[in-house]
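Dear colleague,

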Amino acid sequence: VQLQASGGGLVQTGGSLRLSCAASGRTFSRYAMGWFRQAPGKEREFVATISGSGYSTYYADSVKGRFTISRDNAKNTVYLQMNSLKPEDTAVYYCAAAGGLSDYYTSYDYWGQGTQVTVSS
């Protein structure tokens with residue numbers, strides 16, 4: 001599975017962005033998909049994950065109520081809608097694929113290249 005993340009950019013505090021992650025291959029729906037982020041000098045951090053069917057989702061407490069993960073299996077794409085953005089959301093955001101739902105980055109076998117999100121105060 002090859003993953004290509006896009007949609008990052010510069011936004012003001014309180015603004016919104018939607019990240020997309022396009023996957024190659026015919027088996028996209030078999031994979032749980034996750035979003036992680038990494039700020040400079042910090043560990044990679046779990047953001048959200050969604051099951052292969054799209055029926056189950058799980059979020060980090062820091063983004064719950066502000067971010068929404070979704071997927072379109074017909075388009076082999078997973079999305080991360082980010083609302084009410086804060087400066088502490090600034091990071092490189094990565095999409096990843098795993099065999100099942102997990103908030104541990106070591107569970108993910110495939111990773112995209114990352115997209116920069118910068119939230120200005």
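In what order do the elements of the chain run from the N terminus on? They run β-β-β-β-β-β-β-β-β-β-β, and the count behind this order is zero helices and 11 strands, where helices (H or I, at least four residues) and strands (E, at least two) are DSSP runs numbered from the N terminus.

Before going further, please keep in mind that this is a predicted model, in which local features need pLDDT of at least 70 and side-chain atom pairs count only at pLDDT 80 or more, whereas totals for chains, interfaces and linings use all residues. Residues are numbered from 1 along each chain as its sequence is written, and side-chain values use heavy atoms, with hydrogens and water left out.

The chain as a whole

With 121 residues, a compact globule would have a radius of gyration near 14 Å, and the chain, at 13 Å, agrees with that; the radius is taken over C-alpha atoms, and the globule rule is 2.2 Å times the number of residues to the power 0.38. Along its principal axes, the C-alpha trace spans about 40 × 25 × 25 Å. Buried residues account for 45% of the 121 residues, where buried means under 20% relative accessible area, exposed means over 50%, and partly exposed lies in between (1.4 Å probe, protein chains only).

Of the contacts (heavy atoms within 4.5 Å) between residues at least 6 apart in sequence, 57% join residues at least 24 apart.

R37 has its place in strand β4, which covers residues 32-38, and with 5% relative accessibility it counts as buried. Its side chain makes a polar contact of 2.9 Å with the side chain of Y93; a polar contact is a pair of N or O atoms within 3.5 Å, of which, within protein, one must be able to donate a hydrogen and the other to accept it, and residues adjacent in sequence count only if both atoms are side-chain atoms. Leaving out residues up to four places away in sequence, R37 touches a list of residues that includes E43, R44, E45, E88, D89, V92 and Y93.

V92, found in strand β9, touches F36, R37, Q38, G114, T115 and Q116 when residues up to four places away in sequence are not counted. Between V92 and S56, which are 36 residues apart in sequence, the C-alpha distance is 24 Å.

The loops

Which side chain is joined to that of S102 by a polar contact of 2.9 Å? It is the side chain of S107. S102 lies in the loop between β9 and β10 (108-111) and is buried, with a relative accessible area of 12%. Apart from neighbours within four places in sequence, S102 is in contact with F46, T49, S107 and Y108.

N76 has a phi near 55 degrees and is found in the loop between β7 (67-72) and β8 (77-82), where its 17% relative accessibility makes it count as buried. S84 has a phi of about 50 degrees and sits in the loop between β8 and β9 (91-98); at 41% relative accessibility, S84 counts as partly exposed.

R30, in the loop between β3 (17-23) and β4, counts as exposed at 65% relative accessibility, and its C-alpha atom is separated by 8.8 Å from that of A98, 68 residues apart along the chain. G54, in the loop between β5 (45-50) and β6 (57-59), is partly exposed with a relative accessible area of 27%, and G54 and S29, 25 residues apart in sequence, are 8.6 Å apart in space from C-alpha to C-alpha.

With kind regards
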